[in-house]
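Here is a friendly walk through a two-part assembly, written for someone who likes to know the cut-offs behind each term. Please have the viewer open as you read.

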Amino acid sequence: MIEIKNVTKKYGDKVAVDNVSFTVEDGEIFAFIGHNGAGKTTLIKAIVGIHDFDEGEILINGKSIKDDPIACKMDMAFVPDNPELYENMKAIDFINFICDMYDVDQKTREDNIHKYAELFEVENVLNDQILSFSHGMKQKIALIAALAHDPKILIMDEPFVGLDPKAIFDFKKVMNEMVKEGKIVFYSTHILDVAEKLCSKVAIIKKGKLVKTGSMKEVKGDKSLEKVFLELEG
Amino acid sequence: MNKTLRLLKVCLSQDMSLFKIQSNKVNHKTKVFVPIILALVLAGYMGGYMYTLLEQFKPMNQQSVALSLFAFMFSIVVIFEGLYKASSLLFNCKDDQLLFSLPVDKKTILFVRMFKFYAFEFLFNGMFLGPAMIVYGINMNMTWLFYLLSIIALFILPIIPIVISSFFGFITTYISSKFKGKNLVQTIFTMSILLLVLYISYNAGSLMTVMTNNAQRIEDFITKWYYPVGAYISLVKDFNIITLLIWLLINIVIFVISILIIGKVYFKLNSKMKSVSVVHSKKPYIIKSRSRLVSFVKKEFSRFVSTPVFITNAGFGLVMFVAACVAVSFKYDAIINGLASKMEGVSPDIFMNYMPLALMGLLAFSAFMTSITSSMISLEGKSINILKSLPIKSSMIVLYKVITAMVIMIPCLLLGDIIVFIVFNFDIVSIICILYATILLPFIAELIGIMANLKYPKMDATNDTEVVKQSTSSMVSVFGGMFLATISIGILVGLVQTGLSNGVVQIIFIIIFTILAGLLWLRLTKISDKRFDEIQV
């Protein structure tokens, strides 16, 4: 479970995230939406322990990201919006490196790397340098590295950007499989129709403040998510 | 023209943040304090050096030689520095996609990059040459005209060294673009040029010694063969507006012509450097688990070997150490007899007695002047978020980086040690002390480097050279290393003069540096988590 309690993050005088609270339960796909600069990435970086925050508390499966970041991070995997991977490394070396950091045993990593490399059709390029990859290919490698250690919580910042339609389709299936196993998928997105179909819960953030959150049904009612979002943003 | 200036302004404000210290109000003063103190020490050192030279030339009434020597030597330093930097500052930068997509001439982009290169060298030239010029002016009671000419000279003198370095960078890039392993070829070629320049300088040493005996001839040599300095000295001695205009014009024209020449193939060459030969390996990929330490060191090492300026910068000192050990071991008689002949009452045997201390001093100099960790955090760039999201303590990440640097340094230093141990029959105390120092001294250098980088991270560089050669952390590490190297030699010489035996001198030496290492380690463990977590991209 992810518990965000009254989190505030400031950059100097500018409040990027303002007293935000919500909870993501196990087995949920949670969409986090908002316009550019609304504070999505800032909050995501605070959840995964990349950025500190000024006030509030973030609990990952009951543990505080501030007090016990290592234990929290062991449960999570993070896929950033722009996959800045180690370009001088081979793709397989990068994935192995991430697995080593998460102490993934040989069998689990073999099973997962084979499974996801096959799914994303990148098996034949895993021995190539990341430098030669397109944005989409890098995104696929980032996803494989994130999934290879079997995270309980998958957190992503606009994960579909750069992926080809087949990869998006396959990845949506992976997300659904994960939540069936009781895991959490939390991601930010601008593709509202996908979020509407895929996610069980949603939060809308505007200028750092949470303006609406709840189950998809509660938030959108009889309207489309796009319409609700545009009304709230208007 | 307006477009060029706007582009220049944007690029300079983006990249020339060398002295822009990112900090909050609380620690701003401490962050700014260290670079300012180091700059002042450097200025004092340069001024003092100029004063010493002036005193030496005073009896011959040839003080202007000191000024021409200074101006000439710093032109050489700029060329030497430029050889490291040119190809990576001009080619294959991170902002290539943005700049080349703009509706501006490709030569304009080259101009902007060469100007950035020039601007950095101007700053360093100013830091080194400026104080020396002031001391000269005060000492010689020069008029305002001298100061005006010297300010102009600070702008003008780096131009031709920049052009020379850029041509070398162009040639290096051109040759390496022909090969599949571009980075490797670029590293080897740059290193070869540096060693060649050093070899020529070494052999020219005797020529310079002869010339020093006749001060006027040095000045003649410099002013005749190196026009930019020659014209400056001539203007200082006898101002002439025509000479001034010609001096300005020639330098600017050379700069423009070099842009036109390199600009002809700049885009093509840059694109070639960017192209990656995609070779699909037919071998099956290997899924292998390793310990965190081994995996991390492997990752850091692959970053090191894929960055030519990083290898050249770190490798040069290490290669020089091994070369010095080989030279001392196999040309001992020639070197020592030469030195002994210049020192009255000193027999070659005395040098032999002090060989272990000489090796210790050389080791200290090489270790302290090689800082790999000073750019290791900055080189992460935006990918530092990968590290920050991993379930691993920040202090361990920092430690792994220090270990990687030591893994790179120690084998080279050990190779030099072993060569000397084999040729010279050192006693067991010396061997143990030197082997211990071979681990201890790089450890200190790398602790200083990583602490400097944690304090002054530069995460938004457009190329690796800005981080490795032109960042505040690399400057702090270099000057800190110079300071420690000087202190080390001072300690060794001071202890020898007390009449203690070699063994005792070495033991005291390593005890002092063990204490220093301990203090630095305590400090690092205290600050590393906080400082690393504070870095935001």
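Let us begin with a helix pair. Helix α19(B) passes α21(B) in a right-handed crossing; a crossing counts as right-handed if the near helix is turned clockwise from the far one by less than a right angle, and as left-handed if anticlockwise. Before going further, please note that this is a predicted model, in which local features need pLDDT of at least 70 and side-chain atom pairs count only at pLDDT 80 or more, while totals for chains, interfaces and linings use all residues. Residues are numbered from 1 along each chain as its sequence is written, and chains are lettered from A and ligands numbered from 1 in the order in which they are written.

**Helix pairs in chain B**

Helices (H or I, at least four residues) and strands (E, at least two) are DSSP runs, numbered from the N terminus. Axes are lines fitted to C-alpha atoms, for helices over the stretch in contact, and angles run from 0 to 180 degrees between N-to-C directions. The two helix pairs described here are set out below.

| Helix pair | Axes come within | Crossing angle |
|---|---|---|
| α19 (428-455) and α21 (472-497) of chain B | 8 Å | roughly 150° |
| α5 (106-139) and α7 (159-177) of chain B | 10 Å | roughly 130° |

The angle classes are under 35 degrees for roughly parallel, over 145 for roughly antiparallel, 65 to 115 for roughly perpendicular, and oblique for the rest. On the α19(B) side the contact is made by A445(B), I448(B), G449(B), A452(B) and N453(B), and on the α21(B) side by S473(B), V476(B), S477(B), G480(B) and G481(B). Two residues are in contact if their C-beta atoms, placed from the backbone, lie within 7 Å. By class, the contact of α19(B) with α21(B) holds 4 nonpolar, 6 polar and no charged residues. Here Ala, Val, Leu, Ile, Met, Phe, Trp, Tyr, Cys and Pro count as nonpolar, Asp, Glu, Lys and Arg as charged, and the others, Gly among them, as polar.

For the other pair, the axes cross at roughly 130°, and that makes α5(B) oblique to α7(B). This crossing of α5(B) past α7(B) is right-handed. M114(B), F117(B), Y118(B) and E121(B) of α5(B) meet I159(B), I162(B) and S166(B) of α7(B), and the classes are 5 nonpolar, 1 polar and 1 charged.

**Domains of chain B**

Chain B splits into domain 1 (2-274) and domain 2 (292-534), with bounds that come from an automatic or database domain assignment. The C-alpha centres of these domains of chain B are 27 Å apart. Their contact takes 23 residues from domain 1 of chain B and 22 residues from domain 2 of chain B. On the domain 1 side, α2 (25-57), α3 (64-90) and α8 (182-212) of chain B each supply at least two residues, and α8(B) gives the most, with 6 residues. That side of domain 1 of chain B has 13 nonpolar, 5 polar and 5 charged residues.

**Sheets of chain A**

Two strands pair if DSSP finds at least two bridges between them. In chain A, β1 (residues 2-11) pairs with β2 (residues 14-24) in the antiparallel sense over 7 bridges, and V7(A) stands opposite V20(A) in β2(A). Their hairpin has 2 residues between the strands, and G12(A) takes a positive phi near 65° there. β1(A) also pairs with β4 (residues 55-60) of chain A, antiparallel over 5 bridges; I2(A) has I60(A) in β4(A) as its bridge partner.

Chain A also has an open sheet of 6 strands in the order β6-β7-β8-β3-β9-β10, with mixed pairing. β6 (76-79) and β10 (209-215) of chain A stand at the edges with a single partner strand each, so one side of each is left without a neighbour in the sheet. Neighbouring strands of this sheet are turned by 15° against each other on average, direction ignored. Within it, β3 (residues 29-34) and β8 (residues 184-188) of chain A pair in the parallel sense over 4 bridges, and F32(A) has S188(A) as its bridge partner in β8(A).

**Where the chains meet**

Finally, 35 residues of chain A are in contact with 29 residues of chain B. α3(A) gives the most to the chain A side, with 6 residues, and by class that side has 19 nonpolar, 8 polar and 8 charged residues.
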